[in-house]
Each structure stands twice: as structure tokens, then as C-alpha cells.
Amino acid sequence: MARTGVIICHCGSNIASVVDVERVALAAGQMPGVTYAATNKYTCSISGQDMIKQAIAEHELDRLVIASCTPRMHETTFRKMLTKTSINPYMLEIANIREQCSWVHTDKEKATEKAIDLVHMAVAKVLKDQPLFTSSIPVHKKCLVVGGGIAGIQAALDVAEAGYEVTLVEREPSIGGKMVMLDKTFPTLDCSACISTPKMAEAGAHPNIRLMTSCEISAVTGYIGNFQVTIRQKPRYVNHDTCTGCGLCEEKCPTKVTNLFDQSLSKRKAIYKLFPQAVPAKPVIDSEHCTMLKSGKCGLCSKLCPLGCINFEDQEDFITETFGAIVLATGYDLIDWAKAYPEYGGGKYANVISGLQFERLVNASGPTEGHIQRPGDGAEPKTVVIVKCVGSRDPAKAKAYCSRACCMYAAKHAHQILEKIEGSKVYVFYIDVRTPGKGYEEFYDKTRADGAVYIRGRVSKIYEEGGKLICKGEDTLIGKQVAVEADMVVLETAMEPAHGSTETAATAGVSADKDGWLTEAHPKLRPVETQTAGVYLCGTAQGPKDIPDTVAQASAAAAKVLGLLAKDELETSPMISVVDAPKCSGCGFCEQVCPVKAISMVDVPSMYNGKRVTRTVAQVNSGLCSGCGACSAACRTGCIDLLGFTNKQILEEVDALWQE
């Protein structure tokens with residue numbers, strides 16, 4: 001005979017102010033199978049948990065229902081509490097009478113009736129619950145970091161410093177990401193390369209970090225603690241094992257192509273290092289532009305290389321390794337403003353540039369060695385217009401979200417222009433000014449004090465007239481149209497997920513939101529975790545952010561990885577899907593809908609009409625299954641059940657409500 005305990009939580013006044021909790025407890029005490037029912041002001045507190053443990057011992061309870069807040073908040077808390085009692089931790093049900101009841105109702109009578117119904121359903125379900133037991137899996141003590149920007153570098157260094165092996169995969173020929181393209185960082189105006197390149201060098205020299213540049217992940221199988229990852233090494237046509245990075249091949253290469261690292265503002269050779277401080281400091285060959293690879297002619301670099309490092313026969317290679325944890329630090333790109341905003345010239349005016357192009361112009365290692373010059377004619381601009389939110393907060397043309405860093409790097413650009421160009425004028429068109437970081441408001445105030453003129457309003461059109469760029473817009477503070485003549489226009493463009501990041505994430509079983517940013521498990525409580533256990537996010541893979549937030553989140557992801565790798569074995573949740581193989585038709589639909597790739601189709605021996613045959617049935621990987629239940633809902637034959645949420649248990653809840 002079941003002996004069920006029911007605890008109704010006041011949650012302070014969150015529940016009790018709308019729900020008559022004493023009445024709910026009284027009703028619960030009369031439900032079938034309930035031995036004990038009581039209320040508690042703060043059930044999740046230590047004293048609240050002690051009260052439950054005492055009630056379990058005194059009333060010999062064998063299952064428990066707690067009516068409180070969402071199970072996402074404290075289900076784990078209460079399961080851990082039950083490990084110290086005689087009740088199996090999975091003989092517990094949480095009735096959500098806060099989010100699903102008190103927070104959405106104002107009528108106390110109806111809210112109380114609904115709370116009683118929710119408790120009745122939970123009691124009916126717990127009577128059908130069966131004890132479940134965890135199992136353990138080994139943990140492979142090695143971490144994979146995907147993305148070699150500042151987020152990936154920081155995460156890799158933190159894990160490596162703790163003594164664990166890290167493989168850092170970057171699709172470009174060098175680590176460094178976007179941060180090494182910048183000139184200064186706000187609000188302190190530190191040299192960006194001066195603070196990022198030492199991190200790069202440290203990662204490149206660290207004995208626990210293996211750099212794999214010009215690489216991408218192509219497949220991920222397995223589960224937390226035991227991911228089998230296939231990494232595709234793209235051909236570099238230069239043997240990095242023997243190359244010393246002397247630069248002779250780059251110096252003599254006759255082919256010049258557009259330099260994308262300099263945002264198309266300069267040229268580079270067909271054999272090149274990404275930038276002077278690249279790590280590894282060894283060149284690769286651009287196969288799209290190399291004359292030898294395209295036509296079989298030239299080969300000058302191969303003839304000049306004293307160590308014979310050039311290999312025009314180089315082919316892509318695939319390497320499969322096992323990792324205990326994966327960190328996705330895939331970064332961001334900037335939107336294609338020329339396509340989204342034809343009214344700004346659509347890319348046909350050379351002196352209308354993006355903020356990242358300006359960073360390369362003002363950078364001492366950039367194409368103009370730090371001298372601010374107009375790309376069109378090399379002249380020094382005396383009047384510059386900066387346009388903020390180009391693509392941000394504009395759902396009609398580009399992105400609905402705020403890119404967070406634009407307000408501050410617009411202020412930084414204004415400051416740099418006023419500082420470097422004597423007698424210059426800067427006009428900043430803005431929607432709002434957002435300065436939430438430490439020292440950010442002070443930096444913005446200083447920029448205005450330096451002479452930057454802020455105009456509240458969008459720019460509606462940019463066109464060329466008489467050698468000047470005319471920026472037409474509205475000053476919404478005075479309610480008038482304005483037109484500013486400029487020598488150069490800087491567009492502070494929106495961030496968007498890096499090209500290919502959603503495909504990379506999908507390979508690792510991680511989903512993305514409607515804008516393509518990778519989705520965390522919980523925005524507040526699990527901001528660097530994903531729904532795929534053992535896979536973590538950091539930096540702008542998860543959404544727009546500035547450098548301090550990116551670095552902090554990278555260290556947070558590293559801390560999660562260390563918590564995992566520190567364990568020899570990992571306890572797995574028993575609330576996973578199970579397949580009744582004799583009922584399975586082998587349609588494979590469950591395999592298609594599984595978001596974490598936990599289901600595979602396997603051949604099993606069977607008997608049919610007295611003959612031994614082979615049938616294809618679904619099989620669940622217990623280490624990988626996240627217990628989402630998608631397969632159970634999709635199964636056409638009803639052969640898949642989710643332990644803890646079986647069809648019988650769910651129907652018992654429905655019947656309890658129907659009987660009311």
C-alpha cells in the first residue's frame with residue numbers, strides 16, 4: 001500500500017498570496033494513497049528539507065509530492081535531499097503551483113481550485129512511479145575547444161592550466177579571432193593586440209594545448225565524457241612540422257590578392273601568414289589564388305624554400321579523437337550592410353566603411369600604419385559621420401536585437417578621430433546610448449566632452465555630392481530633418497553568428513535560436529551549458545557581448561569543464577527513453593527527431609514463422625539520451641517510453657483531472 005507525503009509550499013507570499021495553501025493541503029490529505037499532507041513556508045530551505053526528512057521517517061512515507069515552484073528550480077535539490085532518506089529520489093513529483101497557478105491568476109478561489117487539481121494529478125502520477133537508479137560512465141580527461149578567438153583561447157588556457165589536455169581547433173590559419181583586428185579596447189584604450197597576442201603565444205606554447213589551425217569539426221558521436229570527434233584538417237600546402245616561418249616564400253610570391261584580414265583594404269600574397277603576430281607563425285597557401293595550384297605554373301615558393309616545406313600535393317585529412325568535454329567558441333561576423341542597406345550606398349562609395357574597416361585603418365599594423373585616411377583617395381578626413389545601430393534593433397531590414405558593443409566602439413572611434421586628426425569634427429547618429437559596463441558611462445561622457453556631436457535619429461540616406469558624402473536623417477530631439485556633409489562615414493554594424501557556426505553546433509547536438517545564436521540550457525542558471533550534457537558555450541557564440549564579458553564567460557565554461565574532467569566517473573540520469581523492441585517497426589522516425597542523436601537503428605536477430613530473421617529496431621544510447629521525450633511522442637507504434645514519464649503515468653494524470 002502506497003504511503004504518499006504531500007508538502008504544499010507557501011514560497012513566502014509568491015504562492016500563498018494567491019492560493020489558499022491550507023485548503024490545498026486539506027484536500028491533498030483526502031486523496032487516495034496520501035498518508036501525510038502539510039504546508040511549509042520555504043520548502044527549499046534547510047529547515048524545510050529537515051521537516052520533510054522528519055515526516056518521511058515518522059510516517060514511513062515511500063513517495064513524495066511537493067507543490068511549489070517549477071521543477072526546473074528545485075527538483076534536483078529535492079532529489080539530493082531524498083538520497084539521505086528511505087525514499088528513492090525518483091519517487092518524487094513536483095506540482096508547479098507557482099508559475100502555472102499563482103503567477104498567472106488573480107482570482108484566489110479559482111487559483112486554489114486549480115492548485116488542488118495540479119496536486120491531484122501529481123499524486124496520481126507518483127502512485128505509478130517506479131524506483132529508478134543511476135549508472136556511471138567513465139570520463140575521458142581531455143577537452144576540445146572549437147574556435148580560436150579570445151573566448152576559445154581563454155577557455156583553453158584555463159583548462160590547460162589545471163593540468164588537462166586541450167585541443168584547440170580553429171578554421172583560420174591562425175588563432176586570435178576578431179580581437180587581434182582591433183586597435184584599442186574600451187574604456188581603457190589598451191592596445192588590443194598587446195593584450196591578446198601574449199595570450200595567443202601562451203596558448204601556442206602551452207604543453208597541454210594542441211593547436212589545430214585550418215581545421216573544422218565534421219562529426220561528433222558519443223556522449224558526455226566520451227565524445228568521438230572527427231576533425232577535418234584542410235590542406236595548407238606547407239609542412240608546418242619543418243617550416244621555420246622565415247618568410248622567404250611570402251616575400252618572393254608574385255601573386256597579390258585582397259587581404260580579408262585587413263577587411264579588403266590591402267593586398268597580400270597567395271602564400272601568407274594571416275597577420276604578422278600569427279600563431280602558429282607559419283604560412284599557408286591560398287588554393288583559390290595560387291598560380292601553381294590553378295594552372296601548374298610558377299612554383300617559385302617551392303624552389304626558394306631552403307627546407308623543402310612546400311607540398312602542392314597536400315590533401316585534406318580526417319582525425320578522430322575522444323574528448324570528455326566540448327567548448328563551442330565559434331564567435332561572430334558582422335552583417336553584410338551593403339546588401340541590407342542600399343540607401344547607404346550599398347557598398348558603391350569607397351569612403352563609407354564599416355567599424356571593423358575603421359579599426360584596420362587606425363591600427364598601427366593596418367594598411368595605413370595607423371594614419372586615418374579615406375580609402376577612396378588616401379586623404380585625411382576632417383569631418384566624419386558615425387552611424388550606430390546599422391543592422392541592430394532593426395527587424396525590418398536586419399536584426400531585432402541590440403549588438404551590445406556598438407555604443408561603446410562608436411564612442412571609441414569618435415575619440416580616436418578627434419585625438420588623431422587635429423581640427424576634425426565627428427557627428428554620431430544614434431537611436432539610444434547604452435553604456436552598461438564598468439567605466440563605460442565615463443568614457444562616453446569624455447567623448448562628448450572631447451567634441452563629438454551626438455544626433456538622436458537614424459540616417460535615412462547617404463549619397464555623394466560634390467566630393468562629399470551627404471548623410472540625411474532626423475534629429476528627433478528637435479523634430480527636424482538634418483543633413484551632414486562628411487568626408488568619411490563609419491557604419492557601426494550589427495554582430496551576427498559566425499558563418500557556419502550553427503552547422504558546427506548542430507554537429508555537436510546544440511540548437512540555435514531564431515537569429516542563429518547558440519542556445520544555452522537556461523539563460524540565468526545555466527548560461528554556459530547546453531541541453532547536450534558535456535557541451536558548453538562561451539563568448540559571442542551565444543550572443544553579442546564585449547571582450548570583458550566574453551573572457552568571463554570563457555572562464556565560466558572552463559570551470560564547468562574542470563568540474564566534469566575532475567571526476568573519474570559520471571553519474572547519469574535514469575530518466576531516459578527505452579524501446580520495447582518486439583513492438584518496434586524499424587521506421588527510423590525516432591532517430592530523425594532525436595535532438596541529441598541518442599538513437600540509432602540496429603539489426604537484431606528475431607524469429608518469424610519459425611525461421612530466424614534479422615529485424616531493424618531502434619536502440620537508445622543511455623549515456624547520450626537527455627530524456628527530452630521527443631522520440632516517445634513521435635513513435636508511431638508506441639514502443640518507446642520515457643522512464644519517469646511513461647505513457648501510463650501521463651494518462652494517470654489525465655484521468656485524475658478528468659475524474660474531478
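**Side chains that meet**

Mentor: Please keep in mind that this is a predicted model. We can begin with Thr493, which lies in strand 27, made up of residues 488–493. Is Thr493 buried or exposed? With a relative accessibility of 0%, Thr493 counts as buried, and, once its neighbours within four places in sequence are left aside, its contacts are Leu334, Ile335, Trp337, Ser354, Val390, Cys406 and Tyr409.

Another threonine, Thr435, is found in the loop that runs between strand 22 (425–430) and helix 14 (440–450). Thr435 counts as buried because its relative accessibility is 15%, where the cut-off for buried is under 20%. Its side chain makes a polar contact of 2.3 Å with the side chain of Glu441, and beyond its neighbours within four places in sequence Thr435 is in contact with Met408, Tyr440, Glu441 and Tyr444. Tyr444 also takes part in a cluster, in which ring pairs link it with Tyr430 and Tyr454.

Asp450 is partly exposed, with a relative accessible area of 33%, and Lys446 counts as partly exposed at 44%.

Side chains of opposite charge can pair when their charged atoms come close. The structure holds 32 salt bridges, and one of them joins the side chains of Arg360 and Asp262 at 2.8 Å, N to O. This pair links distant parts of the chain, for Arg360 is in helix 12 (residues 355–362) whereas Asp262 is in the loop between strand 13 and strand 14, 98 residues apart. Both Arg360 and Asp262 are buried.

The salt bridge between the side chains of Lys397 and Glu343 has an N to O distance of 3.4 Å. Here too distant parts of the chain are linked, with Lys397 in the loop between strand 21 (383–390) and helix 13 (406–420), and Glu343, 54 residues apart from it, in the loop between helix 11 (337–340) and strand 20 (352–354). Lys397 is partly exposed, with a relative accessible area of 40%, and Glu343 counts as partly exposed at 21%.

Turning to the rings, the structure holds six aromatic pairs. Among them is the stacked pair of Phe261 and Phe275, whose centres are 4.8 Å apart and whose planes are at 15°. Phe261 belongs to the loop between strand 13 (256–258) and strand 14 (267–269), while Phe275 belongs to the loop between strand 15 (271–272) and strand 16 (284–285), so that the pair links distant parts of the chain, 14 residues apart. Phe261 is buried at a relative accessible area of 7%, and Phe275 is buried at 6%. The rings of Tyr341 and Tyr344 are stacked because their centres lie 5.2 Å apart and their planes are at 15°, and both of these tyrosines are buried.

Rings meet charges as well. The charged end of Lys125 sits over the ring of Phe645, 4.4 Å from its centre, and Lys178 lies over the face of Tyr332, at 5.2 Å from the ring centre.

How values were computed. Residues are numbered from 1 along each chain as its sequence is written. This is a predicted model: local features need pLDDT of at least 70, side-chain atom pairs count only at pLDDT 80 or more; totals for chains, interfaces and linings use all residues. Side-chain values use heavy atoms; hydrogens and water are left out. Helices (H or I, at least four residues) and strands (E, at least two) are DSSP runs, numbered from the N terminus. Buried means under 20% relative accessible area, exposed over 50%, partly exposed in between (1.4 Å probe, protein chains only). A polar contact is a pair of N or O atoms within 3.5 Å; within protein, one must be able to donate a hydrogen and the other to accept it, and residues adjacent in sequence count only if both atoms are side-chain atoms. Contact means heavy atoms within 4.5 Å. Rings of Phe, Tyr and Trp (its six-membered ring) pair if their centres lie within 6.5 Å; planes under 30 degrees apart count as stacked, over 60 as edge-to-face and the rest as tilted. A charge sits over a ring if NZ of Lys or CZ of Arg is within 6 Å of the ring centre and within 35 degrees of the ring normal. A salt bridge is a side-chain nitrogen of Lys or Arg within 4 Å of a carboxyl oxygen of Asp or Glu.
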